[in-house]
Amino acid sequence: MDLTDPRWRDGRTRLGLAAGAALLALVTVGPWIAGEAAGTVRLDHMLEGPGPAGLLGTDELGRDILARVVVASRLTLGLGLVATLLGASVGVLVGALPAVTPPWVGRLIATLTNLALAFPTLLLTLFVAAILGAGAQSALLAIALAIAPIFARLTHTLAAGVGGADYVTAARALGARPLTILARHVLPNIAGPLVVTAVMAMGGAVVVLSGLSFLGLGVQAPAYDWGGLLNHALGRVWTDPAPALAPAAAIVFTGLALSLAGEAASILLGLSPVRRRPPPAARQAPASSLLSAGGLLDIGGLDVEVADARGAPLRIVKDVSFSLRAGERVAIVGESGSGKSMTVLAAAGLLDGRATASAALATFGAAPLLGARATADERRLGGEMPVIFQDPLAAFNPLLPVGVPLVEVGMRHGGLSRPAARARAAERLGEVGLIDAARRLTQPPHAFSGGMLQRAMIATALMAEPRLIIADEPTTALDVTVQRQVLERLGAACDETGAGLLLISHDLAVVAETCERVLVMYAGRLVEDLPVADLVSGPAHPYTRALLDCLLGPDADRGKPLPVLEGRPPRPEEEIAGCAFAPRCAFADARCRIETPQLAVIGARRVACWRPLQVRRAA
Amino acid sequence: MKGLELRDVTIRYGAHAAVRDVSLIVPEGRALGVVGESGSGKSSLGRVIAGLQAPSAGSARLDGLDVARLQAPGRASPAQLIFQNPLAALNPRRAVRLAITEALAGRGVTGARAETAAEEHLALVGLSAAHGARRPAELSGGQRQRVAIARALAAEPRLIVADEITSALDVSVQASVLNLLVELQHARGFTLVFISHNLPAVRYVADDILVMRHGEAVEHGPAETVTASPRHPYTRALLDAAPRLAPQPSPEIR
Amino acid sequence: MDRLRFLLRRVGRFAVSLFALFALTFLLVHFVPGDPVRASLGLLAPQELVEARRQELGLDRPLPEQFARHVAALARGDLGTSLSVRRPVSEVIAERLPATLALAGGAMLIVVLAGTGLGLAAAAVGAGGRRPGADMAFNATSGLLTSTPEFVTAVALTSLFAVALSWAPVAGRGGAASYVLPTLALALGPAAALARVVRTEGLRVLEEDYMRAARARRLSAWRLYAVHALPNCLTAALTVSGLILGGLVAGTVLVENVFAWPGLGSAIVTAITQKDYPLTQGVILVLGALVLLINFGVDVLITWLDPRSALARH
């Protein structure tokens, strides 16, 4: 048990465990302390209000009400626990049955559980109570019966999910026997959710049991539980609310404590994510090397931070500076985790709440990019700096027709009326190659293929007057034959409007065909900024070189092993001394492992390397 | 006959035919590359070849035996599949070494011998015993895929189906996984079916290439022939679609 | 076309569920261990009376015939005669149903409006964990309310507003003021539960790519939240609200008993304790049908709002 694990450090875990512990203490120690006071009849203290005879008053036999509430915890929680265990066991068994029975049995079970789940627990318990009559036992059975379908369905769903997992398929192919698979692969992976649900279901069981007793259908005198005590106190609530409030508070506390404990269990079992808060807003931006201004897009000393698992700020983009001229086509290249998407999203002002950006310089034309919200300058970005996303199906609202974004941009940024925007939208959709565009505008996104949606996204970018189109891996989710069409469309869009392009990609070959300049990122830093022509003739940074070497071309020599870049990129949380690439670099020396290289200008390029490769001039 | 033989394999999901009438032969020890785009049916075909599902019609035979019957409790199948996403293919709650011992148990190797053999298999794919003690989440993507390869090998299969095994990996890691697969195939001599949407990768790994589109085999032949002089227009389109970049050889250090 | 077929399937499911509910309530009296009539009339009742009641209930006939007669009776709107008050069950229900419907209807309105509104607002305010204070306040309040069963809320509201402050009547159904406390008691918990679901769903929606894309278009806040986010939150919220509103219907039983509300809930408790099986059967049938009707309505609404997700879920 590692108490420094972020799961133990999450506030909700501690709260849930504390609440659970308090409940446990109440049940175990409480009755032992309060037992005597709860049973002592004092005819000289009958029906008193809060006072010396009882902190919350006394009942009609002069017994201390607070003590009775404490003692009742054992019966209430005990019945709740037994009902939950009973219901959960039956439910899990029934839910697991379809795994071993013919399919029709499974379908029948599924239908019956779904039918039972349509009815609220209380109604089911009333039904059973009507059959078995009032009493603690019938209430217990009723609650167990009402809980069982919840577990039956959960078990069924979970087991079906895990049963279809690749690792179960693999185990079967390796000859593992069904029972082994169940014990080794299925049960361990469904136990967590079942435990969490059981904890929370017990809270529900206590509430329903209290409700039944409150109605006089549950625990019968002389035994008493919280619901019974509450019912009893209701008669005098007009004169004396305190005796009613104590059992009421106990019921609420139990429900709350068990739901908090369930949440804690869920976090500890790794089923719910640990909560991460974003790092505090912008620190003083670092003084950056090579700030330049006067381009269309100027970014200087950009830092992006997210919170790590322990809530400490984690710099995932470090001191990135670059500048785009009007109409220039630039690519940002890097592997996953290099910070390329974060850099561009920060530049576009589209980071979500979990990341914080700061920069010494961040402007688009005259408009400041960071911090300025809802100003006229900032709003213009919606038309002048359109963004194209990686997964086109995810980037269109599933409930709105595909035409909505186009019309929106036309109206808000193109200065058009709704009919005019519609007309232009149809025109633009036609231009990117969609047939029957006017009708297509009204169709939902799922009626389109990925390639068509990506073209519709490009059409959206053309609805106002774009000056810079940002495209985040626009072809990664598409098939190769469609990729080319979309890239060509994108290039044509820039040609027609004179807009620049900022393309994020992990594919150097795509970049070389589309852009004029390449920014290479590694571990959050910009390591090289070079013209595409130089990429082919030979980059200066060993990482860029390695990326090129790893590129699997259509004529790789089958007789030889492919060139390999050993090792892996550092994780963001790893402490890096010196150049982040040094551990994987064939040319690194002592200095590379100590000092972080800054970008330095070499000819037409910028390189952050202590030992840059020889730069050849493009022939 | 030795090797893999598909005869008129058709796979239907309801009314939709994912694969239609695919027939081919992969002689023992050869590598077949299956290339196609999403929806081409290549993954469904892979599952049938690995014996994970039965074809709706036709037959898939390995060394003359129906692959769908090779799956049996208590015995590791001689046809193993390596999945696209190694994180989903390894039980999240178990040390990855146990995945390999499970495979060894499938051919009767247990106890101390299994422990030694598991370490040998980890070493074979370039991982240490310390890696084996970790859970999948504690390994990098490339390392996980290496574990999956080691697991498949531990079953000593005669056929391995590799379904898009590099597409979930970073560019700089893909090459080492491909090298490992090719090296192991040469050393062990298993028949390989390599499924990918990446034509250059397929060409590098495979001896023969099957091009699939909309569930149909549109071209099948030796890798060099298919890529150098494709006969089907779709193969040509695939070849042309891939962007190219021809860098010059690595320069010397300054 | 798909949508129509899907709707028809839902109608079919609704009908099957109703039939199952009817069959179960019919069987209720047969599940009772021992002799239900004897249990109902007590040990001291003369044997002739027991026999007479048995005949009146039709319990002396074979089960299939009983069921057929039961179905035929239901078709005439006849639910039998109450054993305790000696009046037709349908009459008792007709008398009491409006009170329950008024109570539940008002509460549902509050749950849906307040639940979605507050949930969305909480999501918009707390998006990205920017305002931990507001998040915590919302979580604590809604968590507390969700964990508080309706009868406890009812008792608490009564002690505070009716007894201590005398702002509202303590019990009974009368003028508009008498509705306030029971409706609130019934609505607070479910509204908080719905708000929590809507908030979680809202936070998820706000992180979707299409919301990022909408932000990239620099839309007005109104379009961003009302046009792009709201419909997507609603479909998920609706799915849960079927469950929540169904629970609310059952909750009327408890609340009515606290406020001596003359609805079905107070009737069923008396009926169960007095072993008045025909009345119990009738009330459970009506309350259950109400729950099924709500679920059916929610299904139809989802299909109308979001055919894609409804079809995908099927």
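This report describes chain C of a predicted model and its interface with chain A.

## Basis of the model

Local features in this predicted model need pLDDT of at least 70, side-chain atom pairs count only at pLDDT 80 or more, and totals for chains, interfaces and linings use all residues. Residues are numbered from 1 along each chain as its sequence is written, chains are lettered from A in the order in which they are written, and side-chain values use heavy atoms, with hydrogens and water left out.

## Chain C

Chain C has 13 helices and zero strands, where helices are DSSP runs of H or I with at least four residues, strands are runs of E with at least two, and numbering starts from the N terminus. Its C-alpha atoms fill a box of roughly 80 × 60 × 30 Å along the principal axes. Of the 314 residues in chain C, 49% count as buried, meaning under 20% relative accessible area with a 1.4 Å probe, protein chains only.

## The interface with chain A

Contact, defined as heavy atoms within 4.5 Å, links 68 residues of chain C with 71 residues of chain A. The two chains bury about 5,700 Å² between them, 71% of it on carbon and sulfur atoms; this is the accessible area (1.4 Å probe) lost on being put together, summed over both.

Between chain C and chain A there are three salt bridges, each a side-chain nitrogen of Lys or Arg within 4 Å of a carboxyl oxygen of Asp or Glu. Arg223(C) and Glu408(A) meet through their side chains in a salt bridge, at 2.8 Å from N to O. On the side of chain C that touches chain A, the largest share, 15 residues, comes from H10(C).

Terms used. Buried means under 20% relative accessible area, exposed over 50%, partly exposed in between (1.4 Å probe, protein chains only).
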